Amino acid sequence: MIMRKRLIDQEAKPFLYQAIGDYQVEAAKATLGRDFRIGDLSHIVLSLYGALPLPADVNPQRNLGQIAGVELGGKRGSKTLVLADSPNKLTGMATLKKAIAQRDNLLGGWDRVVVLGWNFEPSIGETITALNDSRLEVLVIPPDLMDRLKKKGGIDKLRGQVRFSSLQYLTIHPIARKTESDTETLTVQLKNYVLLSPEAINLDDANRVKLQQIANAEPLALIEYWAVDPDYDGKVFRSVWQDYRGNTANDADALRVVTTATVTAPTKAGPRKVCVRVVDVFGFEAEVVTTVGAA
């Protein structure tokens, strides 16, 4: 984020930023030893979620678990399949489709499936909406899980204290599109931002209360950076407008981003696919993709 801001300040364009390495994997090595396997980490995640691992013959990657329903009124409760995704991957459409297929076919089928992920594709919210599957749930593994595991001194001492939260999401107002000769103006306005549960973030009680107050009163104040691509192709995000906290070129408020963007682009016949991406103060990303009709 620091380098992205510096490049923006220098008006360097275009530029590409990519993540190298993985914090969770390095943290796991520090806690579990250099010889640990991703399956060991998945096993820990499943256990902390309350799932029992499936037998090895149907679970070679050790990332599948189950939560068996209880007997209620003589009727057997529902069976839940749990998939703990790898920290080396971005949880997205491919993972969710695989989880749904396993729910429907593995060991005779399951009533529902829960996917636990570390890192997510920016379009994960749109993916979940498109799948529209009421028997699929996607939850966030706390990003500080390995730090907490190390501080507590073992999985047994952390059991019952880990909260797996729902994904954060972003909403925007309808985009206004105005054509003037050979250019168009798009007005993009942020509407709401819902942060994943504060319990999933490593804060003390006092700061967690403050965070919840801000999230309730002024949720857009949690946004650190946001950008707009007025011609999103669904693969590569090309920002033509961006703002971040501390960027006083757009406004004098160093503690907040502006909430409205005016984007100029060449005139285009027919609809435009616009993508808006945000990064919050904790580093979590979210995006909205919307199609805007002709002006």
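Modeller: Let's start with strand β5: Thr 80, Val 82 and Ala 84 point one way, Leu 81 and Leu 83 point the other way, and all of them are buried. Buried means under 20% relative accessible area, exposed means over 50%, and partly exposed is in between (1.4 Å probe, protein chains only). Strands here are DSSP runs of E with at least two residues, numbered from the N terminus. In a regular strand the side chains alternate between the two faces of the sheet. With 5 of the 5 residues of β5 (residues 80-84) buried, the strand is largely enclosed by the rest of the structure.

Before going on, a word on what you're looking at: this is a predicted model, where local features need pLDDT of at least 70 and side-chain atom pairs count only at pLDDT 80 or more, while totals for chains, interfaces and linings use all residues. Residues are numbered from 1 along each chain as its sequence is written, and side-chain values use heavy atoms, with hydrogens and water left out.

Now for the strands that β5 pairs with; pairing takes at least two DSSP bridges between two strands. Strand β2 (residues 64-67) runs antiparallel to β5, and 4 bridges join them. With β7, β5 pairs in the parallel sense, over 5 bridges. There, Ala 84 has Leu 116 of β7 as its bridge partner.

Side chains of opposite charge can pair when their charged atoms come close. I call it a salt bridge when a side-chain nitrogen of Lys or Arg is within 4 Å of a carboxyl oxygen of Asp or Glu, and the structure holds 18 of them. One joins Arg 112 and Glu 137, at 2.6 Å from N to O. Arg 112 lies in β7 (residues 112-117) and Glu 137 in strand β9 (residues 136-140), so this pair ties together parts that are 25 residues apart in sequence. Arg 112 is partly exposed at 29% relative accessibility, and Glu 137 is partly exposed at 30%.

Another salt bridge joins Arg 277 to Glu 287, with the closest N and O atoms 2.7 Å apart. Arg 277 sits in strand β16 (residues 272-280) and Glu 287 in strand β17 (residues 285-292), so the pair links parts 10 residues apart in sequence. Both Arg 277 and Glu 287 are buried. Elsewhere, salt bridges with shared partners join Arg 177, Glu 184, Asp 231, Lys 268 and Arg 272 into one network.

Counting contact as heavy atoms within 4.5 Å, and leaving out residues up to four places away in sequence, Val 279 touches Met 1, Arg 4, Ile 223, Glu 224, Tyr 225, Phe 284 and Glu 285.

Two of those neighbours turn up again: Arg 4 lies over the face of Tyr 225, 4.3 Å from the ring centre. For a charge to sit over a ring, NZ of Lys or CZ of Arg must be within 6 Å of the ring centre and within 35 degrees of the ring normal. Lys 79 does likewise with Trp 110, at 4.8 Å from the ring centre.
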